[in-house]
Amino acid sequence: VAAAPPWVARWSRVFGPALAFSLCLQALTGFLLASFYAPSATTAWAAVAYVQQEVTLGWLVRGLHAAGPRRS
Amino acid sequence: MTRRRLLELVAGALATVVGVAVAVPALAYLTFPTRKRTVFGGDEPLDVAAVDALPDGKPVRVVVKAPVRRDAWTVFTDVTLGASWLLREGDHVRALSTVCPHAGCAVDWDERGDSFVCPCHDSRFSRQGTPLSGPSPRPLDALDVTVVDGRVRVAWRRFRTATAKKEPV
């Protein structure tokens, strides 16, 4: 009888890597958003609007950052 | 090909697709300021003085200010862009940049010498901006000037220094 393989694929083992991927995505998109952000009461809104409307694919980066932690 | 090998290849291909799908937008996003202009305002001819206030034949230094300048999401008002020498000769007004074409210092008007002089390396220019002496590789940079309703408007530009050719930067 052959020995059982040390690693057995199970659906439950998908969640760990998926969580790790989400965490990495949050870190990456967070870094990207921070590079176009000015954290003050007078500039924060305008900076986010600029990312959303002007910067290439800014809407996608912001959308990924917003959707990353959601598990609905 | 074994089933295991096929699954490895499929998993690798999927991981590559996911990686590219993240990396390409990230690079496009990060390099945005290198591909698109982000500063606007100040390119248009700017009001600097009343033509009547300029003495005939004597250069006058004026500050060139942009009423509104937008840098990405930040809006500035009354931004000083630089300065210009204005010389009125009858109805004609000439505008020269105050930036010395040699090393970028601010040239001054020497009343006694009847010439512009750069304090850094002693380049001298005639009142038309022509080099008279010193290391400057070209004349003082002329700026586009218009007179509208008695007001002088100057189109402010910066030019590369230390080159014989006048190149905007």
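A salt bridge here is a side-chain nitrogen of Lys or Arg within 4 Å of a carboxyl oxygen of Asp or Glu. With that in mind, select B:R138 and B:D141: they form such a bridge, with the closest N and O atoms 2.8 Å apart. Both B:R138 and B:D141 are buried.

Before going further, keep in mind that this is a predicted model. Chain B has an average pLDDT of 95, and 100% of its residues score at least 70. For the complex, the predictor reports an ipTM of 0.81 and a pTM of 0.71.

The structure holds 9 salt bridges over all chains. Pick B:D110 and B:R124 next; their closest N and O atoms are 3.0 Å apart. This pair links distant parts of chain B, with B:D110 in strand β6 and B:R124 in strand β8, 14 residues apart. B:D110 counts as buried because its relative accessibility is 19%, whereas B:R124, at 23%, is partly exposed.

**Along helix α1 of chain B**

Now select B:R5 and B:E8, whose salt bridge has its closest N and O atoms 3.3 Å apart. Both sit in helix α1 of chain B, 3 residues apart, or about one turn. An α-helix has 3.6 residues a turn, so residues three or four places apart point the same way. B:R5 is partly exposed at 42% relative accessibility, and B:E8 is partly exposed at 43%.

Stay in this helix, which covers residues 3-30, and find B:L14. Is B:L14 buried or exposed? Its relative accessibility is 54%, so B:L14 counts as exposed.

Colour the strands in the order β1-β3-β4-β5-β10-β11-β2 to see an open, antiparallel sheet of 7 strands. Strands β1 and β2 stand at the edges with a single partner each, so one side of each has no neighbour in the sheet. Zoom in on β4 (residues 74-89) and β5 (residues 92-97), which are joined by 6 bridges; B:W85 has B:L96 in β5 as its bridge partner.

In β4, select B:G82. It is buried because its relative accessibility is 16%. Beyond its sequence neighbours within four places, B:G82 contacts B:V62, B:V63, B:V64 and B:W156.

**Across to chain A**

Finish at helix α2 of chain A (residues 44-53), where the buried residues are A:A44, A:A47, A:A49, A:Y50 and A:V51. These pack against α1 and α3 of chain A together with α1, α2 and β3 of chain B.

Definitions and conventions:
Residues numbered from 1 in each chain as written. Chains lettered and ligands numbered in written order. Predicted model: local features only at pLDDT ≥ 70, side-chain atom pairs only at ≥ 80, totals over all residues. Heavy atoms only, no water. Helix = DSSP H or I, 4+ residues; strand = E, 2+ residues; numbered from the N terminus. Buried < 20%, exposed > 50% of the residue type's maximum accessible area, 1.4 Å probe, protein only. Pairing = 2+ DSSP bridges. pLDDT = per-residue confidence, 0-100. Contact = heavy atoms within 4.5 Å.
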